[in-house]
Amino acid sequence: MASIGKIARRTFLIGSAAVAGGVAFGVYAARQPFPNPNLADLLEGSVSFNPWVIIDNERVTLIAPHADKGQGIFSAQTALIAEELDIGLDQVEASFGTPDRAYYNTAFTEAAAGFPLYDMSPTAERVRGFFGGVAKLTLPLMGTGGSSSIPDVYDKLRHAGATARETLKLAASRESGVPVAELRTERGAVVLPDGTEMPYTALAGAAASIEPVQNVTLRDPSEWSLVGQPMERVDIVQKSTGTLTYGIDFRTEDMLFATVKVNPRQGGAMNGYDASAAETMPGVQEIFEITGGVAVVANNTWRAIQAANAIEFDWGEAPYPSEQAAHWDHLAGIFDEAHLNAEARVEGDVEAAEGEEITGEYRSPYIAHAPLEPLNATILVTDARVDIWTGHQIPQIVEQVVADITGVDQDNVHLHNMFMGGSFGHRLEFDFIKQTAEIANHMRGTPVQMTYSREEDFAHDFPRHITMGRGTAKVLNGQVNALDVQIAGQSVLRSQFGRMGYSLPGPDTQLHEGAWDAPMFNLPNLRVRSYVTEELAPVSSWRAVGAGPNVFIYETLLDEAIHAAGADPLEERIRLMGHDVSVGVLEAVGEMSSWNGPNIGEGRGRGVAYGFSFGVAVATVVEVTNTDAGIKLDHVWVAADVGRVIDPVNLENLAQGGTVFGLGHAINCEITYADGMAEQSNYHAHEGMRIWQCPPIEFRALETNPKIRGFGEPPIPPSAPALGNAIFAATGQRIREMPFNKHITFV
């Protein structure tokens with residue numbers, strides 16, 4: 001595979017020409033498919049019609065290129081191909097495939113076009129298409145993130161399956177002499193009119209000599225047997241029996257195990273260290289410096305970690321405020337024109353609008369990603385090639401990073417992408433890859449698995465950014481008349497992309513995501529501004545990114561305004577919305593919960609919140625009781641519209657899991673800094689929701705959204721404000737800061 005650098009330099013010229021002059025070649029090039037990477041190593045008698053299907057005389061292999069970190073996308077991708085190929089999930093092998101530009105994510109750039117994702121006007125769609133073409137020509141990234149996997153593959157994988165199906169029918173026609181029109185397919189075989197079955201595996205050799213059929217017709221959804229139905233995941237047996245190999249489980253001959261210690265004040269220097277106590281500990285093989293710290297290599301991970309803990313370090317200062325209070329003080333001082341990131345939306349005139357004023361200040365803390373599987377990677381470096389075994393969301397960049405460190409040509413660097421035990425955005429980072437590459441390069445010829453200790457994982461996470469919101473609402477004649485929302489925070493994308501070596505021109509849209517694009521078309525006066533600083537701790541994309549804190553700000557302020565207006569929280573949101581898809585989910589959650597107002601009895605309350613993120617409208621109702629022991633979560637209802645449901649059971653799992661994730665972090669979780677270091681070192685201090693705290697969560701999926709959307713992140717943003725609004729209804733206490741347990745006790 002050509003390197004990203006080579007691709008970027010070569011194709012940027014084409015893309016620039018297209019931008020400047022609209023040359024036809026740019027459009028032509030953008031529409032051309034990339035070469036099929038499977039053809040390079042295809043065995044004789046095998047056939048690969050496109051990058052997603054390989055058939056030989058023994059098996060059918062389907063390529064599911066998006067990384068699976070627990071969201072079920074591995075099975076969903078496989079099902080989309082299998083549906084059109086007409087083959088059972090029990091008849092195929094599935095693979096993540098080889099990192100290649102052929103698997104570039106076409107949905108990554110949708111949000112970059114600058115239009116809210118509910119806007120599907122011809123202008124918005126043309127601009128999105130233009131951005132997509134430029135991205136394909138300049139930086140065609142295979143990647144998983146931003147709830148983009150299903151939007152990326154929904155059409156292309158079905159076409160891949162249909163292409164394979166029709167080409168196999170053509171091969172069967174030539175073998176049997178029966179016209180294609182008289183052939184049908186069923187469970188991995190072409191079926192002749194007399195009932196004779198020609199298995200796909202038996203047709204592989206004949207199909208290999210045929211140009212793949214390109215003009216194919218996709219099956220009507222009424223004919224689907226997999227998509228839209230509850231499916232048994234292709235990896236469920238392995239996951240249920242504990243036999244699935246995650247990155248941390250990988251083993252190969254003669255491998256050694258390592259861990260690292262780098263400055264817990266992220267980005268600070270290492271002034272010195274004394275490893276004398278560690279050098280003679282059992283199993284220790286080597287201790288040596290890497291960038292920013294020290295690596296310990298041993299004959300197992302436990303011994304490496306124990307030895308690393310025995311080293312004494314002299315760490316330098318943090319390049320950001322050392323105490324948490326200073327972080328908040330800094331944010332409080334940037335609500336000015338000098339720090340304006342964007343005036344993202346202006347409707348009417350919030351300053352001239354009439355009405356009673358309600359004001360509030362809202363805070364969302366740093367939060368760790370804290371995936372259950374600590375970051376790890378295994379790398380073997382030789383003079384000829386490099387092999388990497390790990391789970392990562394941007395595999396091509398991993399290969400590029402390792403090529404740069406080892407000096408081995410990127411064409412000879414091979415990532416074997418693996419299942420991940422969670423990520424929540426952490427595996428968009430590269431620090432653990434770089435460190436492992438340095439260690440493996442130092443120990444050429446020996447495969448080395450580097451694993452963070454849980455404490456190192458917390459200490460060197462790039463957490464969710466802290467956010468401070470200031471809002472003013474105005475109510476008039478029993479209705480909300482104006483909202484002025486101002487949001488201050490760090491630029492997540494600049495922090496993250498900067499570590500990758502890329503700059504980000506223009507404003508960071510994540511700073512106002514979930515607030516500027518709330519489709520409340522009937523709100524006459526609305527202004528959303530965001531303010532940015534680069535002076536705080538390094539941060540990264542955390543599940544739902546900007547929408548998480550911003551929906552909390554927006555929906556809490558709105559709830560305060562509705563309460564001041566004396567209106568019903570659900571009915572007033574529906575009145576303000578004016579967006580059919582969003583009205584649908586609000587009405588659905590009202591029906592599911594038998595909504596009859598927020599006050600449902602002494603010490604009991606309900607809160608509703610709405611979130612729009614990654615093109616998905618979600619409405620959540622939380623019901624709580626104020627007990628003598630604290631707030632008890634009684635019930636949750638969630639409704640969402642993703643456009644088309646691939647697997648209703650998996651979608652429900654995503655809704656329930658995302659809601660638990662959002663509620664748990666709202667209740668308990670934050671990262672704070674003292675002496676420049678994160679104070680929370682493990683789950684005991686960042687524990688999320690306990691199982692006995694988890695209420696029943698009912699979910700309903702709607703399918704009116706004109707575009708199919710991903711659902712890995714959208715259930716999260718409305719969870720926290722719905723809980724906060726329910727607590728207010730039950731207690732009269734308005735909580736404007738997460739985590740809520742700083743202000744109230746939970747059962």
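## Where H5 meets H6

Arg165, Leu168, Ala171, Ala172 and Glu175 in helix H5 meet Tyr200, Leu203, Ala206 and Ala207 in helix H6, where contact means heavy atoms within 4.5 Å. Sorted by class, the residues of this contact come out as seven nonpolar, no polar and two charged. For the classes, Ala, Val, Leu, Ile, Met, Phe, Trp, Tyr, Cys and Pro count as nonpolar, Asp, Glu, Lys and Arg as charged, and the others, Gly among them, as polar.

H5 covers residues 149–176 and H6 covers residues 200–207; they pack at an angle of about 80 degrees, and their axes are 9 Å apart. That makes H5 roughly perpendicular to H6. Angles under 35 degrees count as roughly parallel, over 145 as roughly antiparallel, 65 to 115 as roughly perpendicular and the rest as oblique. The axes are lines fitted to C-alpha atoms, for helices over the stretch in contact, with angles running from 0 to 180 degrees between N-to-C directions.

## What you're looking at

This is a predicted model, so to speak of local features takes pLDDT of at least 70 and side-chain atom pairs count only at pLDDT 80 or more, while totals for chains, interfaces and linings use all residues. Residues are numbered from 1 along each chain as its sequence is written, and side-chain values use heavy atoms, with hydrogens and water left out. Helices (H or I, at least four residues) and strands (E, at least two) are DSSP runs, numbered from the N terminus.

## Another pair of helices

Further along, helix H15 (residues 547–565) packs with helix H16 (residues 569–577) at an angle of about 110 degrees, their axes 10 Å apart. H15 is therefore roughly perpendicular to H16. On the H15 side you'll find Glu555, Leu558, Asp559 and Ile562, which meet Pro569, Glu572, Arg573 and Leu576 in H16. This contact has four nonpolar, no polar and four charged residues.

At least two residues each come from helix H2 (24–31), strand E1 (47–50), helix H4 (122–138) and H5. The lining has 42 residues, with Pro33, Trp52, Tyr104, Thr106 and Lys156 nearest the pocket's centre. By class, there are 19 nonpolar, 12 polar and 11 charged residues, around a space of about 1200 Å³.

On a 1 Å grid over the protein atoms alone, a pocket is an open set of points with protein on both sides within 12 Å along at least five of seven lines, a cavity is a set where a 1.4 Å probe fits but cannot get out, and lining residues have an atom within 4 Å of a point. Grid points are joined across faces, edges and corners, and a volume is the space filled by probe spheres set on the points.

The largest cavity holds about 80 Å³ of space, and helix H18 (residues 648–668) gives the most to its lining, with three residues.

Among the residues lining the second largest cavity are Trp52, Tyr104 and Lys156, and its classes are six nonpolar, two polar and two charged.

Met738 is joined to Pro739 by a cis peptide bond, with omega about -5 degrees. Pro739 sits in the segment after helix H19 (719–731). Asp86, in the loop between H3 and strand E4 (92–95), has phi near 65 degrees, a positive value in a residue other than glycine.
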